[in-house]
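The sequence and structure are shown first, and the description follows.

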Amino acid sequence: MMVRMEEDFADMQNLLNEVVRECMRFYQNLNQRSAAIQPKAMSMKELPQQGMGALSTLETFQNIYAQHLSGSAGSRYLGFVTGGSTPASVIGDWLVSVYDQNVMGTEDSVAGFIELETIEMLKGLFQLSSEFSGTFVSGATMANFVGLALGRQWVAHQLGINVSQKGLYALPTIHVAGGALHSSIHKALSMLGMGKESVHLIPCLPERESIDIEMLKEFLEEHKGEPCIVIANAGTVNTVDFDDIAAISKLKNDYSFWLHVDAAFGGFAACSPSYHHLVQGWEQADSITIDAHKWLNVPYDSAMQFTRHKHLQVEVFQNNAAYLGSSIENPEFVHLTPENSRRFRALPAWFTLKAYGQAGYQEVVERNIETARLLASKLANSKFFRLVAPTRLNVVCFTLVTDELTSEIIKKFLEILKQDGRIFLTPTIYQGTPAIRAAFSNWRTQPIDVEIIWNALCEMYGKVK
């Protein structure tokens, strides 16, 4: 017999109680769950002719799939700079689905105001001035996309062209310069039609991932008179190295360029008085990317883009549908990002910022940095491992001490670690050396976790031979 949606809705209290029980089972066993799980091959099921109802569907999910989900929300998942959702952000995220608001603007509910308020709180957290406006997007890739789209529009204006109206055919090649750029930059340039080959990789300082300012100046001098885009890193993924943003900003006095700062997780250095100097100068940036599902520890997917040039944002993303109203004087969100329909992403961030405040995030950031340095100190004194770069913030980059170091050896070691289940790490290549990254960005991670991580590394090292 088909269970109707109305019947499930009438039983909503019981259904939500069952969901809460499933959630608590997950949380209570999170420390025992494998940090990453290699899924088994499963046969795909066909769409049922008659639905089984919500409760039976939940039971089916629990029996077949739930046990194969990883513990990536836990304290020892150290891959991809992944945060874990704070309790307050989980509350907010659940309510997002319940309220199901489409935050296109501010006129049909208070949801839009909450997003504006959340952006203001985030500007306070990062100490960004009132010059900046911001909006929520799906992740750092989309935030970089928006920032570079504004940069493209700005460059076009310097050439007397409105590229959002005329199209790319009216533009010459736009030069994009940067040092150790994240892969999402290349992806965004591809989507924007500017092309991955528009990137000019400027050499970095010796043994660093920080751009050589003199080499950047030479590039700008060579292309003087040609407006371009410069991308500065506020935290590279391998070693969390920072470009000298203040020095790059000063170059704007003599050269014409749009400054985009990719601060996906390194921007959280601004939360701590001890590390705020790393982002000095970013107040002169034209656009900034910051991720929320990393160090803010809210559920996927969530990020913010900030800019000092909101008018350009409207030019690029204005939606011209008559029923959406004017976008020039008081632009709604629909005119500021690639999306028309928008999830209420600001609510989990609003909850966690209100719940834990500036002091709470300063504590998480500083504790994560301390745990990263604790692991780094163990690695530095080990006969099995060696650091390949200093641990500057929250990512430890290291490799194995072995007779023959190859990417295959690293891959084998990480596969053994994943099967062990206590921790999850990801591979990288740093200055030609096959290496491993351990990224600390979860609010749950404590110094005791470093002992578990260290024991797992040492015990599994012997199995890679």
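## Enclosed cavities

What volume does the largest cavity have? In this predicted model, the largest cavity has a volume of about 70 Å³, and the structure holds two cavities of 30 Å³ or more. The lining of the largest cavity is made up of L30, N31, R33, A35, G71, G74, S75, R76, Y77, G421 and R422, a set that divides into three nonpolar, five polar and three charged residues.

The second largest cavity, with a volume of about 40 Å³, is lined by D93, V96, V298, P299, Y300, D301, S302, R343, F344, R345 and P348. By class, its lining comprises six nonpolar residues, one polar residue and four charged residues.

## The largest pocket

The largest pocket has a volume of about 1,100 Å³, and of the 35 residues that line this pocket, V19, C23, Y27, V90 and W94 are the closest to its centre. Two or more lining residues come from each of α2 (12-28), α3 (54-64) and α4 (87-99), with α2 providing the largest share, ten residues. Sorted by class, the lining of the largest pocket holds 21 nonpolar, nine polar and five charged residues.

## The second largest pocket

For the second largest pocket the volume is about 500 Å³, and among its 28 lining residues H182, S183, S184, V237 and K294 lie nearest its centre. The elements that give two or more residues to this lining are α6 (140-158) and α8 (183-191), and α6 gives the most, with four residues. The lining of the second largest pocket divides into ten nonpolar, 13 polar and five charged residues.

Which residues of helix α9 are buried? Within this helix, which spans residues 213-222, the buried residues are I213, L216, F219 and L220; because they cover an arc of only 115 degrees around the axis, they lie on the same side of α9. An α-helix has 3.6 residues a turn, so residues three or four places apart point the same way. The exposed residues E214 and E222 are carried on the face of α9 that is turned away from its buried side.

The cover over the buried residues of α9 includes the strands β2 (176-178), β3 (199-201), β4 (228-233) and β5 (257-262), together with the helix α10 (245-250). At the start of α9, a side-chain oxygen of D212 comes to within 3.0 Å of the backbone nitrogen of E214, and E214 is itself one of the exposed residues on the face turned away from the buried side.

Notes:
Residues are numbered from 1 along each chain as its sequence is written. This is a predicted model: local features need pLDDT of at least 70, side-chain atom pairs count only at pLDDT 80 or more; totals for chains, interfaces and linings use all residues. Side-chain values use heavy atoms; hydrogens and water are left out. Buried means under 20% relative accessible area, exposed over 50%, partly exposed in between (1.4 Å probe, protein chains only). The arc is that of the directions from the helix axis to the C-beta atoms. Contact means heavy atoms within 4.5 Å. A polar contact is a pair of N or O atoms within 3.5 Å; within protein, one must be able to donate a hydrogen and the other to accept it, and residues adjacent in sequence count only if both atoms are side-chain atoms. On a 1 Å grid over the protein atoms alone, a cavity is a set of points where a 1.4 Å probe fits but cannot get out, and a pocket is an open set with protein on both sides within 12 Å along at least five of seven lines; lining residues have an atom within 4 Å of a point. Grid points are joined across faces, edges and corners, and a volume is the space filled by probe spheres set on the points. Ala, Val, Leu, Ile, Met, Phe, Trp, Tyr, Cys and Pro count as nonpolar, Asp, Glu, Lys and Arg as charged, and the others, Gly among them, as polar.
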